[in-house]
Amino acid sequence: MSVTNIRWYPKYHIAAPENWINDPNGFCYFKGDYHLFYQHHPYSVNWGPMHWGSIASKDLVHWKHLPIALKPDEDYDRDGCFSGCGIEKDGKLYVFYTGNMHTPETADLGFDYVQVQCFAVSEDGVNFKKYPDNAIILVPETDQVHGGDFRDPKVWKHGDKYYMVVGSRTPDKLLGQILLYESEDIIHWNFKSIMSRAEGNQGSMWECPNFANIDGKDILIFSPQDVKREINNYMNVYQSGYFIGKLDYDTGIYTHGEFALLDYGSDFYAPQITQIPDGRTVMVAWLDMWASPMPEQADGWAGMMTLPRELHVKDGKVYSTPIKELESLRISETSYEDKIFYEPTKFEGVSGDIGELIVNIDLKATEEFEIDLRSSADEKTVLTYNAALQLFKINRDKSGEGGKGERECSILPADKMKLHIFMDRSSIEIFINDGEKVMSARIYPRDNSRDIVFIPTSGTFKIDSLKFYTLGEGIPQP
Ligand code: FRU
């Protein structure tokens, strides 16, 4: 089905030209282009046998669609080319992915699918040849690893060797875990260790692992399924987060701290990172969530990606900020300084369905505030902050169609708050205090809900500075 209505189709976020997408895959820099692939079902607006859709960019901002890179056309990937990564070696692009097979013959073992790791190679980043001896890694037969769930390889180089992490779980399906592999030549792999395993409420299956050294720390990123809700935490069906730690490459043992989320909104999953030539670590995630309604399916498409975000480790946490290249999307700027007001206020030139808003708020004078985005008489997406409770919230009860409810995160005490907000036709991403916390959400308002209203909920709202930018096109419009 092709796109029939662009009311919610992104202007500058990655989405498929039509039909279904989920996880980002194969994110890498190769021969002068950034490549991103994605889980794609090209024949409907629903998940189905997975292909790898393909898109590329010179600057991580302006993207062009490329032909589908991988199709499930071999016996070992007959039921889907599942998620994986991309890495350059000797002038060629290697993509590693999971071949998914339905296997009714294993049903009496408690699972009717088997997953194997495979790769394909490209000279140009567009056309891929699957390795003739796929699959290269089968699920290890031990009493420590579930025989079915074994997916989402991510490969990196360390010293002279290649390493791979793969998502997995224990055979009793109770604990998620990550398996570590090692290779001299990127083709032949040896199982090294169970690098990390859930402890307590950390999920029963760990999907989409990523690993990188960021600012001197070994960061393991993964997407755990079935983490149980803890009061107002872990409210999404699945989570995505990280550990900060240290990998001993000799033993394969990874020591780490607490699990923390990478994003506190309702729609963020399966992030993938890549380290680009200038040394930055850049992350893209699926700006959606399994089991959430996707009203855009009525318009012939489903799913989109977050903006690329740069990751840093600061004060024992991972911070994520929008990459600086996004400034090239800016068209016009409206700016205000030193505004103090006591009533709900709109600023001339600060409104729209697409835009970038940067607000610096004086929290000494502003104890509590509300900002309504995509607002009209009967719709609004509501952001609130209470400085005494240090709680930032987003509420989608009146956001239009799609998911409802509230998400929250706590903010470190400070005298100032910086909000950096990106709105596209059906998404918002809120970067709080230069990436201390991030909240991403899909919203489906009517096209004419475009006001931005600043509301002092405890008497006074003091804004040190405010900038609003209209933004240009980043991806081809259908
Ligand atoms: C995560 C995931 C991956 C899998 C892919 C299938 O969203 O479940 O584990 O490879 O989606 O589309």
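T281 is a buried residue, with a relative accessible area of 3%; buried here means under 20%, exposed over 50%, and partly exposed in between (1.4 Å probe, protein chains only). T281 belongs to strand β19, residues 281-286. Strands (E, at least two residues) are DSSP runs numbered from the N terminus. The T281 side chain makes a polar contact of 2.9 Å with the side chain of Q275. A polar contact is a pair of N or O atoms within 3.5 Å; within protein, one must be able to donate a hydrogen and the other to accept it, and residues adjacent in sequence count only if both atoms are side-chain atoms.

A word on the model before we go further. It is a predicted one, where local features need pLDDT of at least 70 and side-chain atom pairs count only at pLDDT 80 or more, while totals for chains, interfaces and linings use all residues. Residues are numbered from 1 along each chain as its sequence is written, and side-chain values use heavy atoms, leaving out hydrogens and water.

**Around the ligand**

The ligand has 13 residues around it, and D23, Q39, R151, D152 and E207 come nearest; a residue counts as near if one of its heavy atoms lies within 4 Å.

| Side chain | Distance to an oxygen atom of the ligand |
|---|---|
| W47 | 3.0 Å |
| D152 | 2.6 Å |
| E207 | 2.8 Å |

On its own the ligand has 320 Å² of accessible area, and the protein covers 95% of that. Areas of this kind come from the Shrake-Rupley method with a 1.4 Å probe; for residues, only the protein chains shown count as cover. Two or more shell residues come from each of β1 (19-30), β5 (81-89), β9 (150-158) and β13 (205-214).

**Aromatic rings**

You will find 37 aromatic pairs in the structure. Rings of Phe, Tyr and Trp (its six-membered ring) pair if their centres lie within 6.5 Å; planes under 30 degrees apart count as stacked, over 60 as edge-to-face and the rest as tilted. W47 is partly exposed at 41% relative accessibility, whereas F82 is buried at 11%.

F454 and F461 make another edge-to-face pair, with centres 6.0 Å apart and planes at 75 degrees. F454 is buried with a relative accessible area of 0%, and F461 is buried with 0% too. Both also belong to one aromatic cluster with Y336, F341, F347, F369, Y385 and F392.

Charges meet rings as well: R330 lies over the face of Y469, 3.9 Å from the ring centre, and the charged end of K437 sits over the ring of Y264, 4.9 Å from its centre. For this, NZ of Lys or CZ of Arg must be within 6 Å of the ring centre and within 35 degrees of the ring normal.

**Backbone details**

N134 and A135 are joined by a cis peptide bond, with omega about -5 degrees. A135 is placed in the loop between β8 (129-130) and β9. A270, although not a glycine, has a positive phi of about 55 degrees; A270 is in strand β18, residues 269-275, and is buried at 1%. D315, also not a glycine, has a positive phi near 50 degrees. D315 lies in the loop between β21 (309-314) and β22 (317-322) and is exposed at 68% relative accessibility.

Terms used
Helices (H or I, at least four residues) and strands (E, at least two) are DSSP runs, numbered from the N terminus.
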